[in-house]
Amino acid sequence: MDNLKFILISVFALGVVGLGGYWALITMQSGSDHVNIQKIKTLETENEELKQQVEKLNTLLVATPTTTPVATEPVKTPEKPATATPPVKKPTTLTTYKNQTLINELQKLANAGTVLKLKTASPAVGSVQKFLNLYNKTSKRIDNDYGASTKTAVAAFQKAQGLTASGEAGKATFTKMVAWLKKQG
């Protein structure tokens, strides 16, 4: 009876360890993916800081009153014809597109110099697959795996856009994807 308990506990423990190992294997990221994700997070933080600085500067630009120095002695100046004050420039507004989130994801990949090719598995591949579904007007499954069908679809897009149809997605391909999305509105 004790032997049976020991065997059952051993089988259960091996099963738990096996499931843990399987989970660790399927959730593992390559080193370059991890570095790229860290770069993207850093750039997002810097972007937010820069947006806040631009907002502050725009506020100061619009809200800063002009002051004239007070003279202690009267100063005679020759009369000049009245000139109109230049108009205050309004802060520029950012254009937002209907697929802005996807545009941002693809732009980050282009900025980071990411290259996606056959057998790559990452969330970045999912962004490319989302784009391809929009571009081809399909609803294929987003599996974050750069397989043969993704490579073929990327090559077809590259050919249509006048790029070398290698099937690998790099900076030039991401830039063309962003431009296409922006044209869609």
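Helices here are DSSP runs of H or I with at least four residues, strands are runs of E with at least two, and both are numbered from the N terminus.

Figure 1. Reading from the N terminus, the elements go α-α-α-α-α-α. That gives six helices and zero strands. This is a predicted model, so a bit of care is built in: local features need pLDDT of at least 70 and side-chain atom pairs count only at pLDDT 80 or more, while totals for chains, interfaces and linings use all residues. Residues are numbered from 1 along each chain as its sequence is written, and side-chain values use heavy atoms, with hydrogens and water left out. Of the chain's 185 residues, 21% count as buried (buried means under 20% relative accessible area, exposed over 50%, partly exposed in between, with a 1.4 Å probe and protein chains only). Now for contacts, meaning heavy atoms within 4.5 Å. Take those with a separation of 6 or more: 53% of them join residues 24 or more positions apart.

**Figure 2. Helix H3 meets helix H4.** Two packed helices are described by the angle between their axes and the distance between the axes. The axes are lines fitted to C-alpha atoms, for helices over the stretch in contact, and the angles run from 0 to 180 degrees between N-to-C directions. Here H3 (residues 100–112) and H4 (residues 123–136) have axes that come within 10 Å and cross at roughly 130°. That makes H3 oblique to H4 (under 35 degrees is roughly parallel, over 145 roughly antiparallel, 65 to 115 roughly perpendicular, and the rest oblique). H3 goes past H4 in a left-handed crossing (left-handed if the near helix is turned anticlockwise from the far one by less than a right angle, right-handed if clockwise). On the H3 side, look for Leu-102, Glu-105, Leu-106 and Leu-109; on the H4 side, for Ala-124, Ser-127, Val-128, Lys-130, Phe-131 and Leu-134. Sorted by class, this contact has seven nonpolar, one polar and two charged residues (Ala, Val, Leu, Ile, Met, Phe, Trp, Tyr, Cys and Pro count as nonpolar, Asp, Glu, Lys and Arg as charged, and the others, Gly among them, as polar).

**Figure 3. Helix H3 again, this time with helix H6.** The axes of H3 and H6 are 8 Å apart, and the packing angle is about 160°. That makes H3 roughly antiparallel to H6. Their crossing is left-handed. From H3 come Leu-102, Ile-103, Leu-106, Gln-107, Leu-109 and Ala-110, and they meet Lys-171, Phe-174, Thr-175, Met-177, Val-178, Leu-181 and Lys-182 of H6. The tally for this contact is nine nonpolar, two polar and two charged residues.

**Figure 4. Helix H4 packs on helix H5.** H5 covers residues 148–160, and its axis sits 11 Å from that of H4, at an angle of about 60°. That makes H4 oblique to H5. H4 passes H5 in a left-handed crossing. Val-128, Gln-129, Phe-131, Leu-132, Tyr-135 and Asn-136 of H4 touch Thr-150, Ala-153, Val-154, Phe-157 and Ala-160 of H5. Count the classes and you get eight nonpolar, three polar and no charged residues.

Figure 5. Rings of Phe, Tyr and Trp (its six-membered ring) pair if their centres lie within 6.5 Å; planes under 30 degrees apart are stacked, over 60 edge-to-face, and the rest tilted. The count comes to five aromatic pairs. Phe-131 and Phe-157 have ring centres 5.0 Å apart and planes at 80°, so they are edge-to-face. Phe-131 belongs to H4 and Phe-157 to H5, 26 residues apart. Phe-131 is buried at 0% relative accessibility, and Phe-157 is buried at 0% too. Tyr-135 and Trp-180 also make an edge-to-face pair, with centres 5.1 Å apart and planes at 75°. Tyr-135 lies in H4 and Trp-180 in H6 (residues 171–184), so this pair ties together parts 45 residues apart in sequence. Trp-180 is buried, with a relative accessible area of 19%. Phe-131, Tyr-135, Phe-157 and Trp-180 form one aromatic cluster.

**Figure 6. Gln-158 and Ala-165.** Gln-158 sits in helix H5, and at 1% relative accessibility it counts as buried. Ala-165 lies in the loop between H5 and H6 and, at 43%, counts as partly exposed. Skipping neighbours within four places in sequence, Ala-165 is in contact with Ala-155, Gln-158 and Lys-159.
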